[in-house]
Amino acid sequence: MSASRTTQAASGSDSEDEVDFINVEFDFQAPNEIDFQALKRLFQQLFYTHAPQLDLGVLADHVIEQAQSRGVGTVVKVDDLEQVHDPYAVMSALLLGPPSPAQALVHSYLATQLRRSASAQSLLALLEQASAEKPLLFVVHERMINLPPQITPPLIQMLLEECQELQEETSAPTPTHALFFSRAFSADALDEGDDEDEEPTGLAGARKRKARGAHAHPDDAAAAALGKSVSNKKRTGTGLDDGLGSFHPEDELIRPFATHAHTFRFPAPRDAPDTYEAPIFGRLMAVPYTHLPAILEKMQSVWPAPA
């Protein structure tokens, strides 16, 4: 499966109206051994400053094994016949319940974070009750920061179809919930010197909107991720109540379906004072597995496939 994205960049001309158009063809394919190191780098990004504590090669091995032996999982690469590219994104799944090295790694990590907060005990109980008969589906997903959110609906759709086929072939039990783990950022660190009349784009723009108390609407989050301008008008009703900006705009769509959610702060990197890096948080959301088709439908309505 392939998809295309058109981005706009300044052409270098004196005229602000002139832009260059860059067509990028994305190729959706099964992960394989050649992707091992690139997958580890994506997971290092996902787990941020906790990454050095984790053997992420175990998770990379799981993603590759799942794809090769069970047909579950996808990576997104640039479609280029002349050169082999590293994955720009990955979408796979891990069952929490049945024993495996990857299951032990993720279960231990999540439980450690949840035990540190009294408000996360219901989510911790859900995690601890997972078993081979009543598993949880941990969605393994990360992508490069500037990759457009439009790639998410087809990735989710393929994952659901692959999991359904695997369940039918193996008579495996249906998971009770799906767990989505991603990162969020604090709006406290604002770029100085912003023009109040012109909304900054991308991460800076999202920070500024958060500081004004406005939750990011999915359409605004998608525009920011693509580097487009965003309206200054406050939008409400997203259901995202932790006051943080989402690195993955689709979090804004998943959260209303979540029955459990927890956010924790990552330790700051050692060079944070020098780089003025905003605080980064981990965000875990549990959604009833039966609600995933509705989430996919919502994503497809916000980010429809190109005509």
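Predicted model: local features only at pLDDT ≥ 70, side-chain atom pairs only at ≥ 80, totals over all residues.
Mentor: H107 lies in helix α3.

Trainee: Why does H107 count as buried?

Mentor: The relative accessibility of H107 is 18%. Buried means under 20%, so H107 counts as buried.

Trainee: What makes α3 roughly antiparallel to α4?

Mentor: The axes of α3 (residues 101-115) and α4 (residues 121-128) come within 9 Å and cross at roughly 155°. Angles over 145 degrees count as roughly antiparallel; therefore α3 is roughly antiparallel to α4.

Trainee: Which residues make the contact between α3 and α4?

Mentor: From α3, the contact is made by H107, L110, A111, L114 and R115. From α4, Q121, L123, L124, L127 and E128 take part. By class, this contact has 6 nonpolar, 2 polar and 2 charged residues. The crossing in which α3 passes α4 is left-handed.

Trainee: Where is H85 placed?

Mentor: H85 is in the loop between β3 (74-78) and β4 (89-96).

Trainee: Why does H85 count as buried?

Mentor: H85 has a relative accessibility of 18%. The cut-off for buried is under 20%, and H85 therefore counts as buried.

Trainee: Which residues does H85 touch, not counting residues up to four places away in sequence?

Mentor: H85 touches K77, V78 and D80.

Methods: Residues numbered from 1 in each chain as written. Heavy atoms only, no water. Axes fitted to C-alpha atoms, helices over the stretch in contact; angles between N-to-C directions. Helix = DSSP H or I, 4+ residues; strand = E, 2+ residues; numbered from the N terminus. Parallel < 35°, antiparallel > 145°, perpendicular 65-115°, else oblique. Left-handed = near helix turned anticlockwise from the far one by under 90°. Contact = heavy atoms within 4.5 Å. Nonpolar A, V, L, I, M, F, W, Y, C, P; charged D, E, K, R; others polar. Buried < 20%, exposed > 50% of the residue type's maximum accessible area, 1.4 Å probe, protein only.
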